[in-house]
Structure formats: C-alpha cells, structure tokens
Amino acid sequence: MTTPAPASTERGAYAIRMQGIDKSFGPVRANREATLEVVTGEIHALVGENGAGKSTLMRILGGLQKPDAGTLEVNGRDVTGWTTSDAIAAGIGVVHQHFMLVSTLTVAENIVLGEEPVSGGRFDEARANSEVEALSKETGLKVSADRRIADLSVGEAQRVEILKTLFRGARILVLDEPTAVLSPPEVRELWTVLRRLREGGGTIVLITHRLDEVIDISDTITVMRAGETVARLRTSETTPAQIAKAMVGRDVALTSRDEISALGASMPGGAGSTEFKASSDMSSALNVTELVVLGSRGTHEVDGVTLSIRPGEILGIAGVEGNGQTELIEALAGLRPCASGSIRLDGHDVTYKSVAERRSAGLSHIPEDRHRRGLILDYSIADNLVLGLQEAFSTRGMLNGANISSNAKRQIEAFDIRPPSAVLPARALSGGNQQKVVVAREMGREFSVLLASQPTRGVDVGAIEFIHSRLREARAAGKAVLLVSAELNEVLALSDRVAVMYRGRFAAVLPVAEATEDVLGEYMIGMKTDEAVA
Amino acid sequence: MTSQLREKFEEALFPPVVALLIALVCGDLLIMSYGQSPAAVYRMLLEGTWGNAYGFGQVLYKATALTFTGLAVSIGIRAGLFNVGAESQLAAGGFLAAMMGLALSPGVPGVLAVPLCMLAAAAGGGVVGAIPGVLKVKFGAHEVIVTIMLNFVVLALLNWGIANHLNVPETLHTTEIDAGAIPRLEAFIGAFHGSAANLSLLVAIVTAILAWFFLFRSRRGFELRAVGLQPDAAEYGGVSVGGVWFRALTLSGAIAGLGGINYVLGYKHYYEEGFAGGAGYLGIAVALVGRNHPLGVVLAALFFATLSQGGLAIHALVPKQMAEVLQGVVILAVAMSVPEVRRALRQSRRPVAA
Amino acid sequence: MRKLLIVAVALLVVHAALLFAGGRGVTESARPGATDVGIVLDVGGRGDKSFNDGAYAGADSATRILGPNIRFIEPGEGSDREAGLRLLAAEEMDLVIGVGFIFSDDITNLAKEYPAISFACVDYALSVDDKGNVIPPPPNVAALKFREEEGSFLVGALAALVGKSKKVGFVGGMDIPLIHKFEAGYRAGVKHVCPDCTVVAQYAGVTPEAFKNPGKGKELALSQYQSGVNVIFHASGSTGQGVFEAARATRKLAIGVDADQADEAPGFVLTSMVKGVDAAVFDAIQRVQNKTFAGGIYSFGLKEGGVGYIYDEKNKHLIPDDVHARVEQLEQEIIAGRIKVPSTR
C-alpha cells in the first residue's frame, strides 16, 4: 500500500493542495517531494513516525517556513511561499501541541486578543464575552468566557485554542496531536466538535500517530515516511495494519495484544501474565504507604497514595496528565521530597534516601521526559548509557573508559540502537532510538523495581513494539514494574492491575479484566471515586 | 560519512577563521586611520612579542596569569555557572600567598615554602569562590551578581589593608616575602633576561592538564559537565546539583587564586595593590575563545598575551587604545563564532533525526 | 558553508590589499645626534589632566625648545610598567622617565642594570632600610619629589578666606598616603587662617578606580555643597571632573589640582594647586642635554617653584585683593621656613 491511492474528489474541490514540496535544514531533508491533498469539508489525518516531516509540512502550510521547491495551493489559489499573516487571512488556523495562551487573562480576552471589540476607545469586555459565548454555542465548544486560563484544565484550554482560530475566521483547521493531553471522554467530545465543524463546511487536518483515532474520526489519510508521502488512503477502505505498514515501511509483527498496544483498537484486552505467576504470598518489591508529596505552592500533588507491587507484576496507572502521576514517580525515584508516608524497596525503607542510594538498592527509572531528564543530549551514547551509574563505572574517582565502551557495545547490540555508534551524541538519534538508550540503561542492568513513566511517548511503532516486549520480559523475569502512561491502551495491554489516579489519589484499582476504557474514563474525569488502595 | 566528517570539521573551523579575518581587517582599517601601514605595525607587533626572547618571555608571563583565570572561568561555565569573580579571587590568592611568604622564616627551603604559598593562594581564591557557591545553594542567589559584588568587596578590603596597614611607606605594596619565591626563567635561560616569566608557567601547564583530566576523565568531572548541560538529567542520574555548584565555584576560585603566584611569588615577590590588572576579567574572554577546553584556554591565553604585549611594542606607531580596540573586536567576533553563543542567538535548533 | 568560504576569501583579499596600502610607514623622524628621551606614563595615561598630562606638557615644550627625540609608552597593566622601561632602556635612550611613584622599584632595579642611562622618576618613593635610614636612589636616578603640602596649605588658606562659611571641603581620590599629603597641607592652611573652621574630607574609594570616577566625585561634592561647604579642593585625578560639575550645578567654587584646571568649569574654579611636573620633566631633559645630569633627590616646593597656586586674569575676580595679599604673605613665610607645613594627617 505504498502507492498513493487515487483521491476521491466527488465531495468537492481541494482545500489544500501541496505538491512536490522539498525542504531542507542544513544536511537534513525534512520534506522530499511531499504531497498533501485535502478536500474541502473532510477530516484528513496526517500520520507518520516522529521525524517523518509532518510538522514541517504544516509549518509551510501555515506560512512559518518557505519550501525549497514545490507548490502550495489553498482553495485553488497558488499561495506558495506566503507568510503567516497571509495564511491567517486566508482562513488557516493552526492549533499547536503547546498552547499559546496568556494564563492571567480570561478565556474571552484570550480569544479576542489582537481583534478586541472596542467601544469609545476602550476594550468592551461585555461584548467580547457575548461574542465568545455565541461562538461557543454555535460550535459546541463549551467554555466559560469569564474564567482565567490558569484555572482551566488542559481539555478546556485546548477548546479555547480552537475557538481562538475559529474567531479569526479559520475555515481550515490544523490540529497537532490534539488528543495527547485528553481523557477518553474529552476525546469523544472533541470528535463531536470536529464532526460538527465538518458539517458546517470546515476542513480539518489532524496530525497524530495514534491509529485508533485515525480510524475513528478521519475520512482520508495521508501517510508520511522520511519526508515523503508514501500513501493516501480512504479510511473506510483500510485497516490499522495497513497504515502501520505504510508508516514504518515494513510488516509490523502484530500479535493480538500488540495490535492493542501499538494500534489501539478500541476493545479492551486482558493481560494475565503467563510466564511468571505472581502469588499472593510473595512479599512485595515496592511498598508505598500513605505517601503525600507537595507541589511548589504547597498543594498536595500526591495526597495519600498507598500501593504495593509484587515481583513479576505490572501495576499500571491511568489518568489524565497532571493528576499527580509525575509527582508520584519523582517522589518514588527520590527526585522530590516526601511530605509524609513511607516507601519501602524490597523491604528496606528508602523514604529519605537519595536518588543514587535508591538506584543502588535496585530501583530503575525510565523518566517521562527523555529530553529533560533521561538523557544528556550532548553526551555520547556511551556516556548516556552510564548516566546514574557513573560511580559503578569508575575506579578511585576516575572513569573507567574500557568498561564504559564495552558496556556501550553490549547495550547497543542488545537493544538494537541505531545507528550503532557509541560516540554519537544522543541529540543525533531519533526519538525512538533515544528512548531505547534510556530503556537499555535502566533495564540492561540488575534491578528489582522499575518505574516506567510514559515509556513509549513520542516514539514510532517499531520502538513501541520493542519496548513493550522488554517490559513483558521484565515481568517474566520477576521484576516489579510501575507503569504510568497517557495511552490508555498501553496501560490496558501491559498491566496486571490498573489504578486510576485523580487529583493526587487513586480513584480506583481494578484487575485488568474489569478495566474497560469506559469504566476507567469515568474514574479519570472524577465522575466516580472508590478511594482505592493498590 | 567522510563528507559528514568534513562538514563537522568545516563547521568547527570556518567561523573562528572568518572571525579572526574580520578582526584583522578591522585592525587594518584602524591602523590606516592613524596613517600607518598595517604591514609595518603587524611586523612590529610580532617582532616585539615572538620575535625576541624578552618579548616572548613577557608573552609567557602574561599568558600564565590568563591561563589560570581562563581555566577558572571555563570550569564554572562547564558546570553552567558564570564566575565573574576571577579578578578578586586572583587578588585574594596573591594576597594570601604574600602573607604566607611573609609569615614563613627565610630559612624555610623552597621545596616546602613554595607549595605552602601556593596552597595559601589557592585557599584565598577558593574561599572567595566558595561564598557565591554557598549563597547559590542555600539561598538561590545568582552567582553572577554575587561574584560581581564580591569583586568590589574583596578588592576594596585588600586595598584598604594595603594602603593603610601593610604597605611600605609611600608605596602600595608589602615588603618582599621572606620565603616562597619562584625562580624566573632567566635563571635557566639567559636570553630571557629581564622578563617577568617564571616557573609559575609550569604550574599553569600542569593545572591545565589536571583540569582536562578532571573534566573529561574523572567521575566528578562527568557529573560537573552533566550539571552544566542538563541539571535535571544530572539530578536524575543521582548527582547532587547543589553540591556540584558549590564544588565548581570553589574550584574555580581556587584556580584563579593560584594564578596570584605568577606576580607575587614569581615576579615582584610582594603583593601590590592592583596587580591583577584585569587578568580576571580577561579570563572570561580567554575561556570563551578557548571554547572552555583546557587546551583551547592555553592557546587563547597565549593569543591575548601576544595582543597585550604587542600593543606595548607598537606604541611608537599607534596609541595603546588601538590594541585594546582590536582585542575587543577579536572577542566579539570569536564569541559570535562559538556554537553555544550562536545557538543561544538562534535558539530554534531541533534535534536531528538520524 | 560555501557562503562562509566566499566570505573568508573575500576578507583575505581585502586584508592583503590593505596590508600594503596606505600609511606613510614608520614615522621615526629621528634626528641623529639629538638627545633620546623615553617616557613611560602611568596606567591612567594621557588625558588625565593631571600629572601624566603634566609630564606630557613638559616633554612637549622640551621638544619645541630643546629638540630631543621623545617616545611615550602607556602601559596596559602592572607588569607593562617594567616592560615599558626595559623597552626604552634596551634602545639605549639617554634618559628614561617613569611618571608616578609606582615606578620607583622598577627604576631602582633597572638603573643598576643600565648604569650608563640616566633615569628620572616623578614622585619617587624612597625606601627605608632596617634601621629607618633613607636609602638614597642609585647615582643615575633623579628622584623628582614634590612638597604638595605647601601648595595645599596656600589653597587651604584661600578656601577658608573666600568661602566664609566655617566649613570647607576636600575630595580625595584613592585613600593613600600620597593624597593624605594634600589633605594634611590643606587642613593646616585652613586652620592657620581660621582656627574654628572645619574641614570635610572625603575620599572616592580605596582602589585606583577612585581616580577615574567622576560620578562618585560629583556625588561627594554635591553632598558637601549641600551641607554648607562653599569651596572644595579636589586631589582625585579625573574624579575631579565630577567635583567641577557639582560646582557648576550649585554655582559654588572648586579648586583644581596638579595643573591649571580653570577651563574645566570657567568661573567656578577658585584656583588650582599646581604641581610643576612639567617643569621638573623639562628640567631633567635639559640637564641630560647639557650633560649636567646628576642623580639624587630633587625636592620641589614653593621655594623652587615646584608647587604653587594660580592667580591670573581668569580668577582674579574671585579673589579679593586683601585675601590675595594674605596668601602671598603666607607663601613668603613658608619659603622662609617660619611656617612648617605637616605632610601627614
């Protein structure tokens, strides 16, 4: 399915037509003869692995960058090389992954910013509010016009972003990874809004790498790989497996469980461990009691969490981001002080131990942000593979170069890190390979408990597959794993038990067999609470 | 792969070369504005520095102090800290070295007295460096502000002490030290007669080598650089970020302080008010141009020392401000060619997918 | 990269073209047979309107009248002082002059190394041996010393007599013994004519920066003027620019130092305590030219005309005749030795 399929044009003319787009940044060719054809009034999914060139293509569309070659037509007009203000004037609205809102202003103020209604030379707040509320009603994007951005949830903030572009008259809406921060009910709500915009004649381009969403919502799909457009598919005529194959350029070995994890079909799956049967009489490897962690302003980010994980068990934590998962993991890793409660690792109290001490006591940690915490981007792969283990790799204060490079050689081979070079800086690797370096370091050594936070965020299908199988192997080898992921499917596919975190507490703990997306979704948005102990 | 390598090489080499050329052309224009021939001035500059033993000795002498301060600043930058206090650390180091030299009795043999004086110098600079370290770790005070303020405080204190209590009447220096003098190069090589160059030079070279080993071969160095690049990642890797900051600023101060031996033990044999003479501030430029690498620092120190001594030599043709302006142009041009600086200016560099 | 390469080549071409273009070449219009004189100024350098400029002025008039070849060197930092002296000595100059007490040690050492060359040092600091006896300078060194306290005494008397407010001001540069001499003489002068007057004395700092900090000078002067001082004497290098500015702003009077500074704030400069650095330098050059140079201590005071105060067309209207007469009388008493002026506070 690597040859572009003929486009269906019966629904109307092209809203966007990009042809033969070339764009290089120094030696890197981000786009090579890329093509994107979006018909007016459709929801078009743009998919591809990280670094496939999706964002560059959208930056060219939005006028942020000029193509080296190729043409760009919008609504039949050749606008190649236009500017951002041209693009906005022509009705293109881009909603970025990172919100660009002024957090101290209200929703209405943010939406009208730059085009404020004025009466008598002064900002007319009442009119701004009423205009925003009218638009909100019309589109079904529910917001309260007079609330401050700082008080909103991410889902609400995203709605404000979308409204902002619509307020400026956008008819072509580009959404960059819009669901990454949303809970399942919020995602469903977003879908409703998008469909409604489509009915109203709007055109939507959705950038994503979550294939379940693609199947759910899109009409047409463009697949990109290594800067090129490799497939153009009608959603109704394709399957997740076909899309995945086009994305990675090879057949992805899909077992039924892998299909759930990598492709996210909506059915929930059981994940009863087969290789290592955890028995109840076994003492727990990680034991956390009534843990309280304070945020920067003294708020209880983690508010009395109790959990225990047995060797050979994966406990998954689901939840909308920002409900204390990050703080919980960081407190367990020793990166944040515990206000009260206790943490026991293999029976030893480590509540007040340092990061290094916990590490040597058998704690491994895949951090949620590899660019900020997990890697030193300017260090070589070899050096990154000993980050946190530098004490073990030195003798009398001097680094042991021979051990470091033999360790690198072994890990690069075992974890298939590409390109297989020990001296390359981590910055030069793709997201997936960067994550493999982190995984190799944390799992390629003796450990008993693993904290895995967003282990597959922003990595491609091939790497997801690889990392998942490693996590299962760890379980089989009798390790205890605490998994935090924003991907509900990932949690469901890997965990033995699932805990849902809401406002710093466990709202529910369920055996994976009882955990369906719908059940979890209610706990995730706080509609239901059990006050559970995992 | 070879083309990639070539590209990397070009990227590392071209910008500084262009920067130097820009500085040269600016120098040409400046010289011509004084109605002189650039060729004659450059020749005179080279003859007065690398062209004769005395001039070369002076270059070595000046480069010695700049190596110490350049290393001090670069250790700080490697840990993500900007130590602007090398000037006062250098002065404090020289002061304590002189105090130690005065305290020891003349009978103490050099092998004992010199290390003791060096230790005093390093301790003096180290204490001045440790203060911003403590304030940063304990109270979050920014090291740039603290080190700038400490320059005023420390220099004023030292000068007050010298001007009012410790000076030889009618002068601004102490009496000569009784022990701990470091021999000059002229004692070994007659051609260096009269030049201030002394064996502190060897101490500077050894310090540069040790700094390299520390930064790139030791565990502490690994951790220090990690903190400088990504403090969050270092913390994740079990490194105490505050501890590294404290140690880096203290070490930085100690190295700058050790630089005080060049003047006090090696040249004048007394502490003289104002002896640092801007070497601490110039150390920032040396570290920047030397790309915070010990070898680069040594080369940059030689370069700036040549400009400084050469400025004196070309005095007959152009005023001394000309050499100072040229030095400024070089710093500006080379700084712009440093990748870190350019990256900070451009900011939008994304990770490149392999 | 290609773009950079083009830039590099272009720059190289421009450089090569400039290298040999322009310029009239080396300006050594050395007259053979004339006396060769080298002068190393202090770090402050030319343009300090004080003793460096004084030395420069002396050398300048010597060039016009006596016709020697003179070379100047302005050092950039401490070790450059010796390097500058050596550079000149190595060129076998007939006379090498260091301007400032800070050259004392270097000149003493160098003079022993080059006995055939004559040296002179402005404000030469005499060293003292263990028993407290003054060590004379080497035989080929002329130590040019000034009795600044005598001149300061006269301007102190002038300030008290003209100021009429029982309060007179003093702004020093760096807080060091050399400047204390000015203050001591000034105080003595004030007290001599007005025993119940008070002297407000302040210093700009304890580092050499204190000699080039006009901002600080203005700040100190303004506060003194506001506290009721009508006349301020400054001995603070270019920090004094700030004192003059304050005088102009408050329409009060200031006294200059080292050279006639009347032009710094016309109408507001009561007088200047001049120090004859120019005359001393001229004198040294002349002696070398006439082959009458001899080492030793040359002390310049009122008697020798080495220090004094300005009284001319520009400031006559500021000084009443009776006051002028009184000060003239004091000058005679000092010259005659009837008044002993202290040199320490």
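In chain C, the axes of helix α5 (residues 148–163) and helix α10 (residues 321–336) come within 10 Å and cross at roughly 155 degrees. That angle makes α5(C) roughly antiparallel to α10(C), since angles over 145 degrees count as roughly antiparallel. The axes here are lines fitted to C-alpha atoms over the stretch in contact, with angles running from 0 to 180 degrees between N-to-C directions. Helices are DSSP runs (H or I, at least four residues), and strands are runs of E (at least two), numbered from the N terminus.

Before going on, a word on what you're looking at: this is a predicted model, where local features need pLDDT of at least 70, side-chain atom pairs count only at pLDDT 80 or more, and totals for chains, interfaces and linings use all residues. Residues are numbered from 1 along each chain as its sequence is written, while chains are lettered from A and ligands numbered from 1 in the order in which they are written.

Residues from α5(C) in the contact include C:F153, C:L154 and C:L158, and α10(C) brings, among them, C:V327, C:L330 and C:I334. (Two residues are in contact if their C-beta atoms, placed from the backbone, lie within 7 Å.)

Now the domains of chain C. The assignment gives domain 1 (36–146) and domain 2 (148–274 + 311–336), with bounds from an automatic or database domain assignment. Their C-alpha centres lie 28 Å apart. Where they touch, domain 1 supplies 9 residues and domain 2 supplies 10. Helix α2(C) gives the most to the domain 1 side, with 3 residues.

That helix, residues 51–65, is also the place of C:D53. Is C:D53 buried or exposed? It's buried, because 21 other C-beta atoms lie within 10 Å; the cut-off for buried is 20 or more, with 12 or fewer for exposed and partly exposed in between. The C-alpha atom of C:D53 is 8.9 Å from that of C:V277, although the two residues are 224 apart along the chain.

Chains A and B meet too: 28 residues of chain A are in contact with 20 residues of chain B. On chain A, α11 (355–360), α12 (370–374) and β20 (398–399) each supply at least two residues of that side.

Here's how three contacts divide by class. Ala, Val, Leu, Ile, Met, Phe, Trp, Tyr, Cys and Pro count as nonpolar, Asp, Glu, Lys and Arg as charged, and the others, Gly among them, as polar.

| Contact | Residues by class |
|---|---|
| α5(C) with α10(C) | 10 nonpolar, no polar, 3 charged residues |

Definitions and conventions
Parallel < 35°, antiparallel > 145°, perpendicular 65-115°, else oblique.
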